[in-house]
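Student: I would like to learn how to read charged side chains in a protein model, and I would be glad if we could go through one example together.

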Amino acid sequence: MTLKRGPAGLGFNIVGGVDQQYIMNDSGIYVAKIKDDGAAALDGRLQEGDKILAINGQNLDNLSHSAAVELFRSAGEDVHLRVQQGPNLQNGPTSSRADGESSSAFGTWTMCTVVALAVITAAGFIAYKRLQFHARASRGPF
């Protein structure tokens with residue numbers, strides 16, 4: 001597919017690279033976020049979670065994240081992308097950073113921490129309620 005760079009760039013963020021693998025044992029470059037009203041969103045073919053295999057004929061295999069970002073930044077106005085369509089992820093990768101800026105895993109780790117704390121809290125509450133129930137049962141009916 002070919003995207004024409006708009007005023008805000010190509011209109012998507014990327015994750016991945018040999019130094020920042022997004023998927024374990026896969027150093028590929030993935031679309032993290034499609035920006036509303038950006039070139040990619042207006043085109044409609046590129047989706048969050050898609051793997052970008054090449055840009056303007058340059059293969060993205062075994063590149064660091066920053067090297068991939070630099071390829072996107074210097075790609076010119078009409079950018080040809082070879083893309084492998086990924087699964088449609090409801091809670092896929094996200095980033096609020098500008099085109100080509102590095103994305104961190106901070107958001108992912110934050111979400112994992114919140115979920116883990118919620119599970120631990122729920123388990124603790126259930127254990128507490130069971131203890132209360134058993135304590136009442138051992139004292140007899142009221």
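Tutor: We will go through the salt bridges here and then look at one aspartate. This is a predicted model, in which local features need pLDDT of at least 70 and side-chain atom pairs count only at pLDDT 80 or more, while totals for chains, interfaces and linings use all residues. Residues are numbered from 1 along each chain as its sequence is written, and side-chain values use heavy atoms, with hydrogens and water left out.

Student: What is a salt bridge, and how many does the count come to?

Tutor: Side chains of opposite charge can pair when their charged atoms come close. The term is used here for a side-chain nitrogen of Lys or Arg within 4 Å of a carboxyl oxygen of Asp or Glu. By this rule there are 4 salt bridges.

Student: Which residue meets lysine 4 at 2.9 Å, N to O?

Tutor: That residue is glutamate 77, whose side chain forms a salt bridge with the side chain of lysine 4. Lysine 4 belongs to strand S1 (residues 2-4), whereas glutamate 77 sits in the loop between helix H2 (65-73) and strand S6 (78-84), so the pair ties together parts that are 73 residues apart in sequence. Helices (H or I, at least four residues) and strands (E, at least two) are DSSP runs, numbered from the N terminus.

Student: Which residue has its closest atom 3.4 Å from lysine 4 in a salt bridge?

Tutor: Aspartate 78 does, the distance being taken between the closest N and O atoms. Because aspartate 78 lies in strand S6 and lysine 4 in strand S1, this pair ties together parts that are 74 residues apart in sequence.

Student: How is the accessibility of lysine 4 classed?

Tutor: Buried means under 20% relative accessible area, exposed over 50%, and partly exposed in between (1.4 Å probe, protein chains only). Lysine 4 is partly exposed at 48%, glutamate 77 is partly exposed at 48%, and aspartate 78 is partly exposed at 46%.

Student: Is aspartate 26 buried or exposed?

Tutor: With a relative accessibility of 16%, aspartate 26 counts as buried, and its place is in the loop between strand S2 (12-16) and strand S3 (29-34). Contact means heavy atoms within 4.5 Å, and aspartate 26 touches Gln21 and Lys51, leaving aside residues up to four places away in sequence. A polar atom of the aspartate 26 side chain also lies 2.8 Å from the backbone nitrogen of glycine 28.

Key
A polar contact is a pair of N or O atoms within 3.5 Å; within protein, one must be able to donate a hydrogen and the other to accept it, and residues adjacent in sequence count only if both atoms are side-chain atoms.
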